[in-house]
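Student: I'd like to learn how to read backbone features in a model like this one. Can we walk through some together?

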Amino acid sequence: MIDYKGRFAAAIDALHDEKRYRVFADLERIAGRFPAAIWRHEGEAREITVWCSNDYLGMGQHPAVMKAMRSAVAAMGSGAGGTRNISGTNHPLVELERELADLHSKEAALVFTSGFVSNEASISTIARLLPDCQIFSDELNHASMIEGVKKSGCRKAIFRHNDVDHLEELLKAADPAKPKLIVFESVYSMDGDIAPIAAIADLAERYNALTYIDEVHAVGMYGARGGGITERDGEARRIDVIEGTLAKAFGVLGGYIAGSRDVIDCVRSYAPGFIFTTALPPALAAAATASIRHLKTSQVERDSQQRQAARAKAVLGAAGLPVMASPTHIVPVLVGDPDLCKKASDHLLEVHGIYIQPINYPTVPRGTERLRITPTPFHDDALIAKLRDALVETWQAVGIAFANAAKPAEPARSRVTPLVVSQAGG
């Protein structure tokens, strides 16, 4: 007899033994008071501050976004009614795809129920439609991209993270007569670093390869209209497919791709992950459209967020905390041990009312476990000061090394360079 129950129990025990078992906090966001939330634990409710949300700009509680969602529910109900192939396409979804195509200066766009699905379905479908295609993938690409590469069944070559010389070596070695697809991200969410987009686009043109970029941690955040790093750097026209999310800076839910009309139509027509999935409901589509339209014309949120992220890095670094180098809005603080990372997260929540989820393997390589902090425009200077004091006390209480081994009285800012040792999704 096979002991099915025992095998599943053993799998969970293994996660506990490796100190990477994940516990979800029971949180209730408070509309109009972001980043405050209610934490429910052991029969008690307590107000806490969230410091790790991907709602980077607080758009999930923007009045225009909530109004659009309420109006759509009142007019069209809560659900989409089925897949788009069976139930048709609700009009707010048509408007949303037009808005996304315009955002990235592309001919068309296609919306999925999540960013994970959009990557998995799009990468696998595009590659499968190109006979003998070879995929070139950055070693730190997100798990959804890795799944798309695997599902394609195509040959793959993994290039070292952001290493254009290694990518060129791999492209040179490939058959020049066969199709090629380069897949990479703009902002890598765990380290906060940025891909050399122009250099990769140069290689794609030189070796006749298609390019597919994941901008999920950049859309809404960068560029004059929130089109991401590709817009900010003037490279959007050189990228064949831009993938993004509606669930982070835009504050709603869903994923999408934008590109040429033919590529988008092929994914629409051939991708099982799109064809057989219920469409995004009209209320979510309307809310996402309102958010995108607002951020196309408003720079206030982006400027405020960048200011607070920079301040958080400076304040935490000055306190001797091991802030990892990041040119973006991501503020990773190195712990380097999975057990200590979980203990630090628990201590911050229980003692200081601060929620920061621990980031452990396999999201990041072993030995680089960290707390990933994401300041928003609503994390004011007083909250940053409170966070600094809480982290310093936690580092001392849990026994985590400061950037300079011991926290000096008036420390100079110190940065820790993250290690890159393996391909991992984040």
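**Reading the backbone**

Tutor: Let's start with E42, which counts as exposed at 72% relative accessibility. Keep in mind that this is a predicted model.

Student: What is the cut-off for calling a residue exposed?

Tutor: Exposed means over 50% relative accessible area. E42 has 72%, so it counts as exposed.

Student: Where does E42 sit?

Tutor: E42 is in the loop between β2 and β3, and β3 covers 44-50.

Student: And what is phi of E42 near?

Tutor: Phi is near 50° for E42, so you have a positive value in a residue other than glycine.

Student: Which loop holds N208?

Tutor: Look between α8 (197-206) and β8 (210-214): the loop there contains N208. Phi of N208 is positive too, near 55°, and again the residue is not glycine.

Student: Is N208 buried or exposed?

Tutor: N208 is exposed, since its relative accessible area is 63%.

Student: Now for peptide bonds. Which residue is joined to P35 by a cis peptide bond?

Tutor: That would be F34, and omega for the bond is about 15°. P35 itself is placed in the loop that runs between β1 (26-29) and β2 (36-41).

Student: What is omega for the cis peptide bond between Y361 and P362?

Tutor: Omega is about 10° there. To find P362 on screen, go to the loop between β14 (358-359) and β15 (370-373).

Notes:
Residues are numbered from 1 along each chain as its sequence is written. This is a predicted model: local features need pLDDT of at least 70, side-chain atom pairs count only at pLDDT 80 or more; totals for chains, interfaces and linings use all residues. Side-chain values use heavy atoms; hydrogens and water are left out. Helices (H or I, at least four residues) and strands (E, at least two) are DSSP runs, numbered from the N terminus. Buried means under 20% relative accessible area, exposed over 50%, partly exposed in between (1.4 Å probe, protein chains only).
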